[in-house]
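Please keep the sequence and the model in view while reading.

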Amino acid sequence: MHVDHRQIVDCLDLRPEQLRIHPAGIGGAFGAREDLTLQIHLCLLALHTGRPVKMVYDRAESFAGHVHRHPARLWYRHEADRQGTWSGSRPG
């Protein structure tokens, strides 16, 4: 069972056989594309109308409609002696 299917079934208290989902291949989860966005609303629409529902995002809609990772600033400290040997302690 696809993770989206399980999450929608759990959120709407449905039996798994009440929902059929066909997620399109979107590659890896780069940019947090694995999170639910409109899937639950689409399921509610399908339940209300008794008809299949299809949602397709274009690129601009995908950026506007999906959860994204928040920007962050990270500071790193790198240490080495003059010969280029790392001199710090190794993390646990």
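The sections below treat the model as a whole, then its helices, its core and several single residues.

## The model and its confidence

This is a predicted model, in which local features need pLDDT of at least 70 and side-chain atom pairs count only at pLDDT 80 or more, whereas totals for chains, interfaces and linings use all residues. Residues are numbered from 1 along each chain as its sequence is written, and side-chain values use heavy atoms, with hydrogens and water left out.

The term pLDDT denotes the predictor's confidence in each residue, on a scale from 0 to 100. For the protein chain the mean pLDDT is 78, and 77% of the residues reach 70 or more. Among the elements, helix H2 has the highest mean value (91), while helix H3, residues 59-65, has the lowest (77).

## Overall architecture

The protein chain contains three helices and zero strands, and its pattern along the sequence is α-α-α. Helices (H or I, at least four residues) and strands (E, at least two) are DSSP runs, numbered from the N terminus.

Burial is described by relative accessible area: buried means under 20%, exposed over 50%, and partly exposed in between, with a 1.4 Å probe and protein chains only. By this rule, 13% of the 92 residues of the protein chain count as buried. The chain exposes about 8,200 Å², of which carbon and sulfur atoms supply 54%; accessible areas come from the Shrake-Rupley method with a 1.4 Å probe, and for residues only the protein chains shown count as cover.

A contact means heavy atoms within 4.5 Å. Of the contacts in the protein chain with a separation of 6 or more, 53% join residues 24 or more positions apart.

Which residues of helix H1 are buried? In this helix, residues 3-12, they are Asp4, His5, Ile8 and Val9. These residues lie on the same side of H1, because they cover an arc of only 130° around the axis. The arc is that of the directions from the helix axis to the C-beta atoms. The spacing follows a general rule: an α-helix has 3.6 residues a turn, so residues three or four places apart point the same way.

The buried residues of H1 pack against helix H2, residues 39-49. On the other side of H1, Asp10 and Cys11 are exposed; Cys11 has a relative accessibility of 52%.

## The nonpolar core

A nonpolar core is a set of buried Ala, Val, Leu, Ile, Met, Phe, Trp, Tyr and Cys residues joined through side-chain atoms within 4.5 Å. The largest such core has five residues: Ile8, Val9, Leu14, Leu19 and Cys43. Val9 is buried at a relative accessible area of 2%, and Cys43 is buried at 8%. The C-alpha atoms of Val9 and Cys43 are separated by 9.5 Å, although the two residues are 34 apart along the chain.

Neighbours within four places in sequence are left aside in the contacts that follow. Leu19 is in contact with His5, Ile8, Val9 and Cys43, and Val9 is in contact with Leu14, Arg15, Pro16 and Leu19. The structure holds zero disulfides, a disulfide being a pair of cysteine sulfur atoms within 2.5 Å.

## Residues around the core

His5, in helix H1, counts as buried at 8% relative accessibility. Beyond residues up to four places away in sequence, His5 touches Pro16, Leu19 and Ile21. Ile21 is placed in the loop between H1 and H2 and is partly exposed, with a relative accessible area of 23%. With the exclusion of residues up to four places away, Ile21 touches Asp4, His5 and Ile8. Ile21 and Asp4 are 17 residues apart in sequence and 8.0 Å apart in space, C-alpha to C-alpha.

Met55 belongs to the loop between H2 and H3 and is partly exposed, at 37%. Apart from residues up to four places away in sequence, Met55 touches Leu38 and Leu42. The C-alpha atoms of Met55 and Leu42 are 7.8 Å apart, and the residues are 13 apart along the chain.

Most residues other than glycine have a negative phi. Asp13 is in the loop between H1 and H2 and counts as exposed, at 70% relative accessibility.
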